[in-house]
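This report goes through a protein model for a reader who has not seen it before. The sequence and the structure come first, followed by the text.

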Amino acid sequence: MATYLGDQLGADLTIVDGDHVYGVVYNVGRLYVPSAAWFYVNLYNGTDRGQAEIHCRDCYIAGTFSANAAGYYGYESGGGGPGGETKSHGGYTGGRGGGRDGAAAASPSGTAQCDCTGLGCGGASGPAGVDAGFIGNGPYPGTGGAPGAGGSNGSPGGPGGKGGYGANDLNGDMTTDKTIRMGSGGGAGAGAGGCGGATGTCNGCGGGGAPGGASGGRGGGLVAIYATNSMRVPGNIFTKGGLGLNGTAGNGWYDSRHGRPGAAGANRTDGQSTGLGGAAVMGANPSCGYGSTRYTGRGGDSGPGAGGGTLLCCTGPYGIVVDGVIDTRGGGDDVVNFGSLKVFGPRGRVTITGSIYAGHNSVYGAPLNSQTEVFQHVCC
C-alpha cells in the first residue's frame with residue numbers, strides 16, 4: 001500500500017485498495033480508483049493531514065475515496081464521580097467533558113473511616129477532561145457536557161454538543177467560492193455523579209463509583225479534486241463526521257465501607273471510532289440491598305463530529321459527471337452539521353444523477369458564479 005504526497009511527475013495513479021493520501025498531490029496524469037478499492041485520506045494528527053487536494057488531467061473514481069472521520073479530534077470526556085462512604089454519605093460530582101490532551105484520570109476512593117465528616121468522605125469529584133484551548137478540535141468544536149451531580153442517587157452526565165462545519169453546531173456555510181474545510185470534533189459527554197452509601201451503620205455498603213462519559217465524534221476530512229480534462233464519479237466520495245456514542249450505564253452500592261472510585265473518561269478520539277468512558281465498579285452485591293433505587297448516574301453521551309467538505313472542479317471540455325454517491329453528513333448521518341459540497345465545471349457540462357447526501361442549507365442556494373463556471377450547491 002502506498003501513501004501519495006506531492007509531485008507525481010505526470011504519472012497516472014491507479015489506486016490499490018488501502019492506499020492513502022494527504023496534503024497537495026499535483027502533476028497527476030489520470031487518477032483512477034478501481035471499483036473494489038478504498039482510497040483513504042490520512043487522519044488529522046494535530047498539525048496536518050486530514051485533507052487531500054489532488055490536481056490531475058483526468059479523474060475516474062469507481063471505488064471509494066474516503067475521508068470519513070479523518071478531520072479534527074473529538075473531545076476527551078470527563079471522569080465519573082466517586083461514591084459516598086458508608087453511613088449514607090452522598091456521592092460526588094462527575095467531571096465535565098473537556099479537550100483533547102490525554103485521558104481523564106479516575107477519581108479516588110472515599111475514606112473507609114466510620115462517621116467520616118467533610119469532603120473527604122466521598123473522595124474528590126471526578127476529573128474534567130483536559131481543555132487545551134480547543135487546539136486540534138477545529139474552529140467550531142462541540143461543547144463538553146455538564147457534569148452529573150452526586151448524591152443519594154447520582155445524576156447522569158450531560159451530553160456533548162455537535163461539532164460544527166462553518167458555525168457552532170451546524171453547517172453555517174454561506175460562501176460561494178472554492179473554500180472548503182475539515183469538520184470540527186464533537187463535544188464529549190461528562191462523567192456521572194456517584195451515589196451515596198447504603199446504610200446508617202459502619203458495616204454498610206459504600207456508594208458506587210460513577211462511569212465516565214464518551215469522547216466526542218471526530219470530524220470528517222476534506223477532499224478536493226481538480227481536473228483539467230474530465231471527471232467522473234460512478235463510485236463514492238465520503239467526508240462524513242464520526243458518530244458520538246452513548247454513555248455507560250450506572251452502578252449501585254458495593255460491598256465495601258468506603259465509596260468506590262469513579263471511572264476515567266475516554267481519551268480524545270484519535271482514530272475513526274469514538275471512545276467510551278470507563279465503567280466504574282460492578283453493580284451492587286446482593287448483600288447490599290440489590291434492586292434498590294440508589295444508583296449512580298449514567299455516563300454522558302458524546303456529540304457527533306461535523307462532516308468535512310468536498311470540492312470537485314473540472315475546467316476541461318468533458319466536464320463533470322457524478323452518477324455515484326457523495327456523502328458529507330455529520331456523524332450518525334446528521335443533516336444539521338454536514339460539510340459543504342461544491343461542484344464547479346464548464347457551463348452546461350455538469351451532470352449530477354447520483355445519490356447526494358450533503359445535508360440542506362436553504363440560505364445557500366445555487367448562485368451563478370463568474371465567467372465560464374457554474375457553481376452548484378447540491379442539497380439532499
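A salt bridge is a side-chain nitrogen of Lys or Arg within 4 Å of a carboxyl oxygen of Asp or Glu. Asp327 forms such a bridge with Lys240, with 3.8 Å between the closest N and O atoms. The two residues come from distant parts of the chain, 87 residues apart: Asp327 lies in strand β11, and Lys240 in the loop between β8 (236–238) and β9. Strands are DSSP runs (E, at least two residues), numbered from the N terminus. Shared partners join Lys240, Asp327, Arg329 and Asp333 into one network of salt bridges.

The model is predicted: local features need pLDDT of at least 70, side-chain atom pairs count only at pLDDT 80 or more, and totals for chains, interfaces and linings use all residues. Residues are numbered from 1 along each chain as its sequence is written, and side-chain values use heavy atoms, with hydrogens and water left out.

The predictor's confidence in each residue, pLDDT, runs from 0 to 100. Its average for the protein is 77, and 68% of the residues score at least 70. Over residues 360–380 pLDDT stays under 50, as over residues 99–104.

A search of the whole structure finds 10 salt bridges. The table gives the relative accessible area of residues that take part in them; buried means under 20%, exposed over 50%, and partly exposed in between (1.4 Å probe, protein chains only).

| Residue | Relative accessible area | Class |
|---|---|---|
| Asp327 | 4% | buried |
| Lys240 | 19% | buried |
| Asp58 | 12% | buried |
| Arg57 | 37% | partly exposed |
| Asp48 | 36% | partly exposed |
| Arg49 | 29% | partly exposed |

Asp58 pairs with Arg57 at 2.6 Å between the closest N and O atoms, and Asp48 with Arg49 at 3.8 Å, N to O.

Arg218 sits in the loop between β6 (64–66) and β7. Arg218 is buried, at 0% relative accessibility. Gly71 is 147 residues from Arg218 in sequence, yet their C-alpha atoms are 6.4 Å apart.

Definitions and conventions:
Contact means heavy atoms within 4.5 Å. Helices (H or I, at least four residues) and strands (E, at least two) are DSSP runs, numbered from the N terminus.
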